[in-house]
Amino acid sequence: MSRHAFFLTVDCGYLPLARGLGQRLAGQWDCDVHVFLEDPRADEANGGSRGRVCVHVNKVAGLRPEGLPVTRNWPAIVYDRIFAPRFLTGYDRLTYLDADIFPLTAAPEALAVPLRHGLGAVQDTASVGFSPHGAGLTRDAWRASIGLRSERYFNSGMLMIDPVLWNQIDFAGALDRFVAAHG
């Protein structure tokens, strides 16, 4: 079995939720959980470890390039999940989760899924609240409703990462090139 950890990136508003989810995940999966608290209001008093949950304070934002597009629904912190694995090099497999994802059970078989290119992700099939299927939207109409212009999409709220392959990528440069090309 590989050495596995979960990680989350949150601001101060989501820190209590992330700590609680972290405790649940650590017990459920018998693994470490790292919470990256990225918020100018936070200081080292917000950090530290409780059991197998470690809170890292303002470690990632300095790696994020300036000028990335942000909106109310897509704040700058969403980019930080890309850079957090640089601080988690002691693991064979990492799973990123948004703080509002609540796994009901452990699924250790997911850790055996090959990640040929260093990444595994999921497509949305349903959601709580607004659902493309419930609203009667076609896939194209749903993508347009959330601002996607490409047919290539996955939900970045859950990512499975091979940190060795992941950390070989210059994400700051790739993001700069992507934004220059696509806005």
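This is a predicted model: local features need pLDDT of at least 70, side-chain atom pairs count only at pLDDT 80 or more; totals for chains, interfaces and linings use all residues.
Which residues are linked with Asp32 in a network of salt bridges?

Strand β2 covers residues 32-37, and six of its six residues are buried, so the strand is largely enclosed by the rest of the structure. In a regular strand the side chains alternate between the two faces of the sheet. In β2, Asp32, His34 and Phe36 point one way, while Val33, Val35 and Leu37 point the other way, and all of them are buried.

The neighbours of β2 come next. Strand β1, made of residues 4-10, pairs with β2 in the parallel sense over six bridges, and within this pairing Leu37 of β2 is the bridge partner of Val10. Together with helix α1, which spans residues 15-29, β1 and β2 make a right-handed β-α-β unit. Strand β4, residues 53-57, also runs parallel to β2, and five bridges join the two; here His34 has Cys54 of β4 as its bridge partner.

We can now turn to the charged side chains. Side chains of opposite charge can pair when their charged atoms come close. The structure has six salt bridges by the rule used here. In one of them, the side chains of Asp30 and Arg52 meet with an N to O distance of 2.7 Å. Asp30 lies in the loop between α1 and β2 and Arg52 in the loop between β3 and β4, so this pair ties together parts that are 22 residues apart in sequence. Arg52 also meets the side chain of Asp32 in a salt bridge, at 3.1 Å from N to O. This second pair again links distant parts of the chain, since Asp32 is in strand β2 and Arg52 in the loop between β3 and β4, 20 residues apart.

The opening question can now be answered, for Arg3, Asp30 and Arg52 are linked with Asp32 in a network of salt bridges.

Elsewhere, the side chains of Arg81 and Asp98 meet in a salt bridge of 3.4 Å, N to O. Arg81 sits in helix α2 and Asp98 in the loop between β5 and β6, and this pair links parts of the chain 17 residues apart. Both Arg81 and Asp98 are buried.

A last point concerns the cysteines. A disulfide is a covalent bond between the sulfur atoms of two cysteines, and the structure holds zero disulfides. Cys12 is partly exposed, with a relative accessible area of 23%, whereas Cys31 counts as buried at 2%.

How values were computed
Residues are numbered from 1 along each chain as its sequence is written. Side-chain values use heavy atoms; hydrogens and water are left out. A disulfide is a pair of cysteine sulfur atoms within 2.5 Å. Buried means under 20% relative accessible area, exposed over 50%, partly exposed in between (1.4 Å probe, protein chains only). Helices (H or I, at least four residues) and strands (E, at least two) are DSSP runs, numbered from the N terminus. Two strands pair if DSSP finds at least two bridges between them. A crossover is right-handed if, with the strands pointing away from the viewer, the path from the first strand over the helix to the second runs clockwise. A salt bridge is a side-chain nitrogen of Lys or Arg within 4 Å of a carboxyl oxygen of Asp or Glu.
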